[in-house]
Amino acid sequence: MKLTILGCYAATPRSFTNPTSQVLEIGNHLFLIDCGEGTQVQLRRNKIKFSKINHIFISHLHGDHFYGLVGLISTFMLLNRQNDLHVYGPKGIKEVILLQLKLSKSWTNYPLYFHELTKKTPEVIFDDERVSIETIPLKHRVYTNGFLFREKPGDRKLLINKAKEYKIDVALYKSLKKGKDVIAEDGKLISNALVTADPPEPKSYAYCSDTIYDPGITSQIKGVTALYHESTFLESESHLAEPTQHSTAKQAARIALEAGVGRLILGHYSTRYDTIDFFKKEAESIFSASELADDGLEIILD
Ligand SMILES: [Zn+2]
Ligand SMILES: [Zn+2]
């Protein structure tokens with residue numbers, strides 16, 4: 001599982017920082033999470049193939065999370081995209097995008113599907129043999145969802161030398177990877193455990209932006225490999241967190257601690273701060289495995 005941060009700053013784009021967008025790579029999937037202004041440029045800068053993005057998840061309809069979407073959809077058309085594109089986001093996202101496409105007479109030449117979300121409880125919105133994705137309802141000024149990505153266990157690892165030793169036909173290797181026992185060339189039944197090893201532990205990633213401090217989410221995200229939690233403010237500006245329904249770095253760390261996550265990635269920094277170093281310091285005082293997202297950063301989640 002690989003996470004690429006395209007943008008992780010709140011509010012307005014600046015010359016060196018971008019509003020929210022990130023790409024999560026799981027197997028052959030490239031999931032785009034939020035799509036603030038400038039996302040296309042950031043995709044180019046980070047050499048991410050446009051054509052591999054088939055699923056886009058929008059947390060909420062504040063501009064710093066989706067103003068890049070219509071541009072990206074339009075560029076896909078100019079690039080002569082053929083594949084289906086699925087957009088998941090709050091009710092209203094279809095209307096706002098289609099109105100712009102209609103008035104600019106830029107109908108797409110590829111199938112575009114909107115999956116509008118309205119529920120206030122977690123729901124599974126994507127599921128295949130490799131990954132399942134569910135919403136994490138968040139508390140913010142408008143209807144907002146985070147997203148929880150859970151890898152499914154992969155195939156068992158074939159111990160090739162053992163398989164040869166037991167004289168197992170190559171044609172049966174696939175069955176072994178699926179956990180089945182097989183018959184060797186000499187007619188003996190070979191137990192799967194003799195020739196395979198457990199697959200790597202499946203990884204999970206919880207994306208939570210934007211939200212007020214809400215311990216109610218911790219049971220859903222318990223034990224995830226990595227949590228991205230917004231930290232718009234430092235504690236020194238905690239009086240701003242409640243009215244704007246954002247969190248401080250310390251509050252993000254409390255959520256990480258209570259949920260027992262593997263690591264905490266901070267982001268959605270207010271652009272009022274000259275440096276983001278203090279966010280890490282503040283979070284570390286509560287939860288030691290805290291780190292900073294930054295634009296262009298690639299993070300392997302293992
Ligand atoms: Zn935001
Ligand atoms: Zn917001």
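**Figure 1. Helix H3 and the residue that follows.** Helix H3 (residues 69–78) is mostly covered, with seven of its ten residues buried; buried means under 20% relative accessible area, exposed over 50%, and partly exposed in between (1.4 Å probe, protein chains only). The buried residues of H3 are Leu69, Val70, Leu72, Ile73, Thr75, Phe76 and Met77. Asparagine 80 follows H3 and has a positive phi, near 60°. Helices (H or I, at least four residues) and strands (E, at least two) are DSSP runs, numbered from the N terminus. The model is predicted: local features need pLDDT of at least 70, side-chain atom pairs count only at pLDDT 80 or more, and totals for chains, interfaces and linings use all residues. Residues are numbered from 1 along each chain as its sequence is written, chains are lettered from A and ligands numbered from 1 in the order in which they are written, and side-chain values use heavy atoms, with hydrogens and water left out.

**Figure 2. The annotated site that includes His60.** UniProt (unreviewed entry) places the feature "binding site" at His60, His62, His140 and Asp210. These residues span 151 residues in sequence, yet no two of their C-alpha atoms are more than 10.3 Å apart, so they gather at one spot. From this set, His62, His140 and Asp210 belong to the lining of the largest pocket. UniProt positions are given in the numbering used here, feature names are shortened, and annotations may be inferred rather than shown by experiment. A pocket is an open set of points on a 1 Å grid over the protein atoms alone, where a 1.4 Å probe fits, with protein on both sides within 12 Å along at least five of seven lines; lining residues have an atom within 4 Å of a point.

**Figure 3. Surroundings of histidine 60.** Histidine 60 sits in the loop between strand E4 (53–57) and helix H2 (63–66). Histidine 60 is buried, at a relative accessible area of 0%. Beyond residues up to four places away in sequence, histidine 60 touches Asp34, His65, Phe66, Pro90, His140, Val142, Tyr143, Thr144, Ser209 and Asp210; contact means heavy atoms within 4.5 Å.

**Figure 4. The annotated site that includes His65 and His268.** A UniProt "binding site" annotation (unreviewed entry) covers Asp64, His65, Asp210 and His268. Although they span 205 residues in sequence, no two of their C-alpha atoms are more than 10.4 Å apart, so they gather at one spot. Asp64, Asp210 and His268 from this set are part of the lining of the largest pocket. Histidine 65 lies in helix H2 and is buried, with a relative accessible area of 0%. Histidine 268 occupies the loop between E16 and H10 and is buried, with a relative accessible area of 1%.

**Figure 5. The seven-stranded sheet.** An open sheet of mixed pairing is formed by seven strands in the order E7-E8-E9-E14-E15-E16-E17; two strands pair if DSSP finds at least two bridges between them. Strand E7 (124–127) and strand E17 (290–292) stand at the edges with a single partner strand each, so one side of each is left without a neighbour in the sheet. Strand E14 (residues 204–208) and strand E15 (residues 226–230) run parallel and are joined by four bridges. Tyrosine 207 has tyrosine 228 in E15 as its bridge partner.
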